[in-house]
Amino acid sequence: MTLLAADIGNSHTFLGLFEGDEVAHHWRVATDERRTSDEWAVLVRGLLADVDATTITGISVCATVPAVLHEWRDMMARHFPQAHSVVVEPGVRTGVPVLMDNPREVGADRIINALAAATLYGGPAIVVDFGTATTFDVVSGAGQYIGGAIAPGIEISLEALGRRGAQLRKVELARPRSVIAKNTVEALQSGMIFGVAAQVEGIVDRMIAELGVAVGDVTVIATGHLATLLLDECDCFTEHAPWLTLQGLRLVYERNS
């Protein structure tokens, strides 16, 4: 089986091509709501230039942007008719009980992360996903999705400062030389990197305390394309899983094929 997995987020779309259980190829592209199904097809086929598209037997998709998902449905039907497709939405079997006030309002990517965490690492676990938003998702010892938290993402926080601060500007997201910065650029970087690190450690500590379990019994997983910025700044992480969502899409495809 050759599976194409697509995690369609607000800012970026992550695609992974599976050969068996492993991600053989992966790409990250901008999520553009104006892109039509035919344009998506051209883009995807371009990424798959070294792969015979007719060998793709399955496509697994989760999306937080309804307009883009609509175009993907059309693209899959017309350009990849040979592939069985699974779209993560209410009614799709994930095997993860969602213990929320309104399970339907939980983002599909967060449920997929919980599925991957529970299956690959076991619970209790906390997934911290660094994307457009920084999301925290908690899996119980029984493999249930029991809730989480959402904070502004690193990039949008930095962009907001650049727009609203008259003497501030956009800077590269990188670790500064020290927490006590000597110039404005490094002051912004310090506030972003070390500020988010303190936020993550604080929220994770509070979540573990609320779970009522020992710190060493909880797997704390970092994922998302900005995770590498925080790995060395946070002592709470036990795992770095850059393809966690893609692995979750593989698992949900296998459960619905």
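**Rings, charges and crossing helices**

Biologist: Hi! Which ring face does R45 lie over?

Modeller: R45 lies over the face of F80, 4.9 Å from the ring centre. A charge sits over a ring here if NZ of Lys or CZ of Arg is within 6 Å of the ring centre and within 35 degrees of the ring normal. This is a predicted model, in which local features need pLDDT of at least 70 and side-chain atom pairs count only at pLDDT 80 or more, while totals for chains, interfaces and linings use all residues. Residues are numbered from 1 along each chain as its sequence is written, and side-chain values use heavy atoms, with hydrogens and water left out.

Biologist: And R35, what does its charged end sit over?

Modeller: That would be the ring of W40, with the charged end 4.7 Å from the ring's centre.

Biologist: Let's go to S37. Where is it found?

Modeller: In helix α1, residues 37–47. Helices (H or I, at least four residues) and strands (E, at least two) are DSSP runs, numbered from the N terminus.

Biologist: Is S37 buried or exposed?

Modeller: S37 counts as buried because its relative accessibility is 4%. Buried means under 20% relative accessible area, exposed over 50% and partly exposed in between, with a 1.4 Å probe and protein chains only.

Biologist: What does S37 touch?

Modeller: Leaving out residues up to four places away in sequence, S37 touches E71, D74, M75, R78 and H79. Contact means heavy atoms within 4.5 Å.

Biologist: New topic: how many aromatic pairs does the whole structure have?

Modeller: Two. In one of them, F130 and F237 sit edge-to-face, 6.1 Å centre to centre with 75° between the planes. F130 lies in strand β6 (residues 125–130) and F237 in the loop between β9 (219–223) and β10 (239–240), so this pair ties together parts 107 residues apart in sequence. Both F130 and F237 are buried. Rings of Phe, Tyr and Trp (its six-membered ring) pair if their centres lie within 6.5 Å; planes under 30 degrees apart count as stacked, over 60 as edge-to-face and the rest as tilted.

Biologist: Last one: at what angle do helices α3 and α6 cross?

Modeller: The axes of α3 (residues 108–120) and α6 (residues 244–255) cross at roughly 85° and come within 8 Å. The contact is made by residues including I112 and L115 of α3 and L244 and L251 of α6. Axes are lines fitted to C-alpha atoms, for helices over the stretch in contact, and angles run from 0 to 180 degrees between N-to-C directions.
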